Amino acid sequence: MNAPARSATGYVLGIDFGSTTGKAVVLEAATGRMAASAVSQKGAVSDEGVKAALAQVFGDLGISPKDIQRCVATGYGRRMLDIADRTITEITCHARGAVSLEPSARMVIDIGGQDSKVIAVDEAGLVTQFAMNDRCAAGTGKFLEVLARAVNIELARMGPAALAAEGSVKITSMCATFAETEVIALLAEGCDKAVVLDGVHAAVANRVMGLVSRVGQRAPIVMTGGVAQNIAAVTHIERALNTRLIIPPHAQVAGALGAALFALDDLRTDGVSPRLLDPKIEGQVEAVEAGGMPCAPACAQKTGEQPIAFQRAPGA
Ligand code: ADP
């Protein structure tokens, strides 16, 4: 894109190239108002979802890429996008987007297709601490997708079905593959589908609780990411944490919104406010993504490893 313009006219764009979905948010450069947003699912780790989301927002606004003054990309595949002026990690973008959607938030739980993150934020939306699981499907949307398939129910129906359960069962495997075997065995024994699904959501909540305890629970908590649409996941996490979660409108595009807000900063100030972008946190997230840090898979059950957690150095 490399738009040279500095005037606050036109639009800025945030893209979240997720593992499962592509998300785009367009803000009016003059006002910062959200002009359009889109979520598109076109298969894992391909740019088709992002392309479709972009086509939708451009079509909705009747604009083309030349009307975009700045673009920031985040998410799993953020480096694969030529359109972006720069990239920022998901931790930073989700925190910024979530706090902009719910300014009272002091903790963000984001559960996407392939990872789950718990982020502590200050009043401005700056990340102070985070923990994430991006090494395996435990506690992620993928875990729910795998188990929905095993139970033969549509993703969108699994949450309401689980809430109708009378009784409960414990799914002991955090690993999606082992949990699938366990679920199939339970169904073969005649265990009710709804009860099995209830157990599946409780397992996700249990995993998320592990991440929350690494960071230290704060309140209020905002939940973002696609799994925020799953009522049983939300309910089980609320029970596990003994608190209500705030699910803002546009929860699934929080990361793209955060990216768009950074793009707006770039346009208006020719550089992001250092208050909201901590290079140390960015470095830590990138190190995790590159696999250079000890990971936090469900295999921690066996190895005793802890989820990845970081804290900003005091005074940093
Ligand atoms: P990513 O950013 O990694 O692509 P998302 O934040 O878009 O992931 O979340 C994708 C996950 O959201 C899916 O794995 C699925 O579990 C969940 N999800 C998506 N749509 C729905 C829905 N309608 N009902 C329940 N869960 C959903």
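Hi everyone, let's start with a helix pair: α3 passes α5 in a right-handed crossing, where right-handed means that the near helix is turned clockwise from the far one by less than a right angle, and left-handed that it is turned anticlockwise. Helices here are DSSP runs of H or I with at least four residues, strands are runs of E with at least two, and both are numbered from the N terminus.

A quick word on the model. It is predicted, so local features need pLDDT of at least 70 and side-chain atom pairs count only at pLDDT 80 or more, while totals for chains, interfaces and linings use all residues. Residue numbers run from 1 along each chain as its sequence is written.

Back to that pair. The axes of α3 and α5 (residues 176-188) come within 10 Å and cross at roughly 25°; axes are lines fitted to C-alpha atoms, for helices over the stretch in contact, with angles from 0 to 180 degrees between N-to-C directions. That makes α3 roughly parallel to α5, given that angles under 35 degrees count as roughly parallel, over 145 as roughly antiparallel, 65 to 115 as roughly perpendicular and the rest as oblique. On the α3 side you'll find Lys-142, Phe-143, Val-146, Leu-147, Ala-150 and Val-151, meeting Ala-176, Ala-179, Glu-180, Val-183 and Ile-184 of α5; contact means C-beta atoms, placed from the backbone, within 7 Å. This contact has 9 nonpolar, no polar and 2 charged residues. For the classes, Ala, Val, Leu, Ile, Met, Phe, Trp, Tyr, Cys and Pro are nonpolar, Asp, Glu, Lys and Arg are charged, and the others, Gly among them, are polar.

Follow α4 onward, and you meet α7 (residues 231-241), packed at about 50° with the axes 7 Å apart. The two helices are therefore oblique to each other. Gly-159, Pro-160, Ala-162 and Leu-163 of α4 touch Ile-231, Ala-232, Ala-233 and Thr-235 of α7, a set of 6 nonpolar, 2 polar and no charged residues.

One more pair: α2 (residues 90-101) and α8 (residues 254-269) pack at about 95°, again with a stated axis distance of 7 Å. That makes α2 roughly perpendicular to α8. Their contact has 9 nonpolar, 5 polar and 2 charged residues.

Finally, two backbone details for anyone checking geometry. Most residues other than glycine have a negative phi, and most peptide bonds are trans. Asn-152, in the loop between α3 and α4, has a positive phi near 60°. The bond from Ala-219 to Pro-220 is cis, with omega near -5°, and Pro-220 sits in the loop between α6 (193-215) and β9 (221-224). Thanks, everyone!

How values were computed: Two residues are in contact if their C-beta atoms, placed from the backbone, lie within 7 Å.
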